[in-house]
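Here is a short briefing to read alongside the model. Please have the sequence and the 3D view open as you go through the points.

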Amino acid sequence: MPANAQISALRDQIARIELGGKRARGVLPFGIEAVDRKVPGGGLALGALHEVAGGGNGAVHGAAAALFAAGIAARTSGQVLWCMTRRDLFAPSLAQAGLHPDRVIFAEVGEEKAVLACMEEGLRHGGLSAVVGELTRLPMVASRRLQLCAEESGTFALAIRRWRRMTEAADFGQPTASVTRWRVTALPSAPLPVPGVSRARWLVELIRARAGDCADFELEACDDAGRLALPAELANGPADTDTRRIGAVA
């Protein structure tokens with residue numbers, strides 16, 4: 001058996017063991033072949049916890065990470081619970097990323113313990129399509145509880161990691177029970193031949209994937225349907241546009 005086939009078979013075996021007899025609930029693909037082929041299963045696992053944080057100068061305020069999460073939630077069907085402690089979420093920006101405020105239940109709480117409790121209750125409810133929570137820290141025990149609740153209900157769980165200062169970002173390197181971990185960094189937009197600003201661009205890093213590889217992608221930001229896109233110059237070039245990284249944060 002070729003080495004690549006052996007690796008694929010081993011990953012499938014690991015995935016079956018991790019399911020522990022639970023029924024696979026499918027995936028939410030990005031719709032970009034270069035990205036989906038790098039994510040185990042061809043997309044983000046439904047009924048699972050996923051993490052996303054900002055990178056570069058956006059590591060603290062996390063605007064790009066929030067819009068990335070909003071675009072993912074927008075492509076689910078149903079109501080979305082968004083739990084937060086800060087009053088800086090701009091609903092019109094979520095709408096530009098495809099997540100209309102009419103679909104969102106905003107839950108503002110006083111501390112992060114309440115965010116975790118709110119997320120857990122939302123996941124256990126079973127009537128939501130996604131639960132999003134803004135968190136500075138995500139301890140292993142708390143992440144495991146969220147992952148188990150997501151598995152039981154089949155609800156999509158997204159943890160947006162935010163910090164008040166750059167030194168706190170080191171917590172993103174600590175292990176959690178999330179299935180995937182992403183980092184989103186704003187890049188300069190492509191110049192236009194006329195005055196104006198073109199579609200935003202992001203460096204999207206898959207820095208952890210259970211039973212999968214790490215990868216980097218330069219993508220255009222979410223449109224009003226929540227979909228990312230390859231920049232034109234990359235879409236017309238080689239299909240494999242990502243850069244695999246060794247020793248990524250676990």
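Residues 239-250 have a pLDDT that stays under 50, and the model gives this stretch 36 contacts beyond four places in sequence. Keep in mind that this is a predicted model. The chain as a whole averages a pLDDT of 87, with 84% of the residues scoring at least 70.

**Confidence along the chain**
- Helix α1 (residues 3-19) is where confidence is lowest, with a mean of 61.
- Strand β4 (residues 80-84) is where confidence is highest, at 98.

**Helix α3**
- Helix α3 covers residues 63-74, and its 12 residues should span 16 Å at 1.5 Å a residue.
- Among the buried residues of α3 are A64, A65, A66, F68 and I72.

- You will find E134 in strand β6, which runs over residues 130-135.
- E134 has a relative accessible area of 5%, so it counts as buried, the cut-off being under 20%.
- A polar contact of 2.9 Å links the side chain of E134 to the side chain of W82.
- Not counting residues up to four places away in sequence, E134 touches W82, C83, M84, L89, E112, V115, I160 and R162.

**S178 and its surroundings**
- S178 sits in the loop between β7 (156-161) and β8 (180-187).
- With a relative accessibility of 0%, S178 is counted as buried.
- The side chains of S178 and T176 make a polar contact at 3.0 Å.
- Leaving aside neighbours within four places in sequence, S178 contacts L49, H50, E51, R208 and R210.

**Cysteines**
- How many disulfides does a search of the whole structure find? The search finds zero.

Conventions. Residues numbered from 1 in each chain as written. Predicted model: local features only at pLDDT ≥ 70, side-chain atom pairs only at ≥ 80, totals over all residues. Heavy atoms only, no water. Helix = DSSP H or I, 4+ residues; strand = E, 2+ residues; numbered from the N terminus. Buried < 20%, exposed > 50% of the residue type's maximum accessible area, 1.4 Å probe, protein only. Polar contact = N/O pair within 3.5 Å; in protein donor to acceptor, adjacent residues only side chain to side chain. Contact = heavy atoms within 4.5 Å. pLDDT = per-residue confidence, 0-100. Disulfide = S-S within 2.5 Å. Expected span 1.5 Å × (residues − 1).
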